[in-house]
Amino acid sequence: MANITGITRGGVVWEPAFIVGLNQATCIGCGRCYKVCPRKVFELVERSDVLEDEDMDEDDDNMMVMAIVDEMDCIGCQSCAKVCPKNCHTHAPQGVAA
(Lines give C-alpha, C1' and ligand atoms only; values in the text may rest on other atoms or scores of the structure.)
Protein backbone atom coordinates (compact mmCIF):
# COMPACT_ATOMS: atom_id res chain seq x y z
CA MET A 1 0.00 0.00 0.00
CA ALA A 2 1.29 3.46 -0.87
CA ASN A 3 1.65 6.10 1.83
CA ILE A 4 0.23 9.62 1.78
CA THR A 5 2.71 11.99 0.14
CA GLY A 6 2.78 15.66 -0.68
CA ILE A 7 4.91 18.04 -2.68
CA THR A 8 6.61 21.09 -1.19
CA ARG A 9 6.47 24.46 -2.91
CA GLY A 10 9.96 23.70 -4.17
CA GLY A 11 8.71 20.54 -5.90
CA VAL A 12 10.25 18.04 -3.48
CA VAL A 13 8.17 15.00 -2.57
CA TRP A 14 7.43 14.90 1.17
CA GLU A 15 5.94 12.06 3.21
CA PRO A 16 4.21 13.23 6.39
CA ALA A 17 4.42 11.08 9.52
CA PHE A 18 1.40 11.25 11.81
CA ILE A 19 1.31 11.00 15.61
CA VAL A 20 0.66 7.44 16.80
CA GLY A 21 1.90 7.59 20.39
CA LEU A 22 3.16 9.71 23.25
CA ASN A 23 5.24 8.28 26.09
CA GLN A 24 3.71 9.89 29.16
CA ALA A 25 6.21 8.17 31.45
CA THR A 26 9.03 10.33 30.04
CA CYS A 27 6.94 13.47 29.40
CA ILE A 28 7.87 16.40 31.66
CA GLY A 29 4.77 18.43 30.83
CA CYS A 30 6.70 21.36 29.36
CA GLY A 31 3.88 22.08 26.89
CA ARG A 32 6.15 22.74 23.92
CA CYS A 33 4.32 20.26 21.71
CA TYR A 34 0.98 21.76 22.74
CA LYS A 35 2.16 25.25 21.86
CA VAL A 36 3.64 24.32 18.47
CA CYS A 37 0.83 22.04 17.26
CA PRO A 38 -1.30 23.88 14.68
CA ARG A 39 -4.23 21.46 15.11
CA LYS A 40 -4.72 21.12 18.90
CA VAL A 41 -3.92 17.40 18.92
CA PHE A 42 -2.67 17.52 22.54
CA GLU A 43 -3.89 18.59 25.96
CA LEU A 44 -2.36 18.76 29.42
CA VAL A 45 -3.65 16.23 31.95
CA GLU A 46 -2.64 15.51 35.53
CA ARG A 47 0.02 12.84 35.83
CA SER A 48 -1.96 11.13 38.60
CA ASP A 49 -4.76 10.56 36.08
CA VAL A 50 -2.32 8.96 33.66
CA LEU A 51 0.14 6.97 35.73
CA GLU A 52 -1.00 4.98 38.74
CA ASP A 53 2.37 4.75 40.48
CA GLU A 54 2.53 3.91 44.18
CA ASP A 55 5.99 5.49 44.49
CA MET A 56 4.79 8.96 43.48
CA ASP A 57 5.24 11.66 46.09
CA GLU A 58 2.23 13.67 47.15
CA ASP A 59 4.03 16.78 45.86
CA ASP A 60 3.93 15.34 42.32
CA ASP A 61 0.12 15.04 42.31
CA ASN A 62 -0.28 18.29 40.36
CA MET A 63 2.38 17.50 37.76
CA MET A 64 0.96 17.80 34.26
CA VAL A 65 1.82 15.67 31.24
CA MET A 66 0.65 15.75 27.64
CA ALA A 67 -2.00 13.46 26.22
CA ILE A 68 -3.17 12.91 22.65
CA VAL A 69 -6.80 13.98 22.39
CA ASP A 70 -7.36 14.00 18.62
CA GLU A 71 -4.77 12.02 16.68
CA MET A 72 -7.01 12.03 13.62
CA ASP A 73 -6.54 15.82 13.35
CA CYS A 74 -2.73 15.48 13.08
CA ILE A 75 -1.40 16.85 9.77
CA GLY A 76 1.90 14.99 9.98
CA CYS A 77 4.23 17.98 10.32
CA GLN A 78 6.11 16.39 13.26
CA SER A 79 6.68 19.79 14.86
CA CYS A 80 5.83 18.27 18.24
CA ALA A 81 8.69 15.80 17.99
CA LYS A 82 11.11 18.49 16.87
CA VAL A 83 10.51 20.63 19.98
CA CYS A 84 10.23 17.82 22.56
CA PRO A 85 13.28 17.71 24.85
CA LYS A 86 12.47 14.12 25.94
CA ASN A 87 11.59 12.52 22.56
CA CYS A 88 8.17 11.44 23.82
CA HIS A 89 6.39 11.35 20.45
CA THR A 90 6.07 8.47 18.00
CA HIS A 91 5.10 9.07 14.39
CA ALA A 92 4.39 6.83 11.41
CA PRO A 93 3.42 7.36 7.77
CA GLN A 94 -0.20 6.72 6.85
CA GLY A 95 -1.33 4.55 3.98
CA VAL A 96 -3.57 6.01 1.30
CA ALA A 97 -7.20 5.00 1.80
CA ALA A 98 -8.61 2.84 -0.96
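A: His-89 lies in strand S6, which covers residues 89–92. In this predicted model, His-89 has a relative accessibility of 13% and counts as buried. Apart from neighbours within four places in sequence, His-89 touches Ile-19, Gly-21, Leu-22, Cys-33, Phe-42, Cys-80, Ala-81 and Cys-84.

A disulfide is a covalent bond between the sulfur atoms of two cysteines. A search of the whole structure finds zero of them. Take Cys-27: the closest cysteine sulfur, in Cys-88, is 4.9 Å from its own, and the cut-off is 2.5 Å, so the two are too far apart for a bond. Cys-37 is in no disulfide either, with the nearest cysteine sulfur, in Cys-77, 6.4 Å away. Both residues count as buried: Cys-27 has a relative accessibility of 6%, and Cys-37 has 17%.

A link of another kind is present, as the structure holds one salt bridge. Its partners are Arg-39 and Asp-73, whose closest N and O atoms are 2.9 Å apart. This pair joins distant parts of the chain, 34 residues apart. Arg-39 sits in the loop between helix H1 (32–36) and strand S4 (42–46), while Asp-73 sits in the loop between strand S5 (64–68) and helix H3 (79–83). Arg-39 is partly exposed, at 38% relative accessible area. Asp-73 is also partly exposed, at 22% relative accessibility, whereas His-89 is buried.

Conventions:
Residues are numbered from 1 along each chain as its sequence is written. This is a predicted model: local features need pLDDT of at least 70, side-chain atom pairs count only at pLDDT 80 or more; totals for chains, interfaces and linings use all residues. Side-chain values use heavy atoms; hydrogens and water are left out. A salt bridge is a side-chain nitrogen of Lys or Arg within 4 Å of a carboxyl oxygen of Asp or Glu. Helices (H or I, at least four residues) and strands (E, at least two) are DSSP runs, numbered from the N terminus. Buried means under 20% relative accessible area, exposed over 50%, partly exposed in between (1.4 Å probe, protein chains only). Contact means heavy atoms within 4.5 Å.
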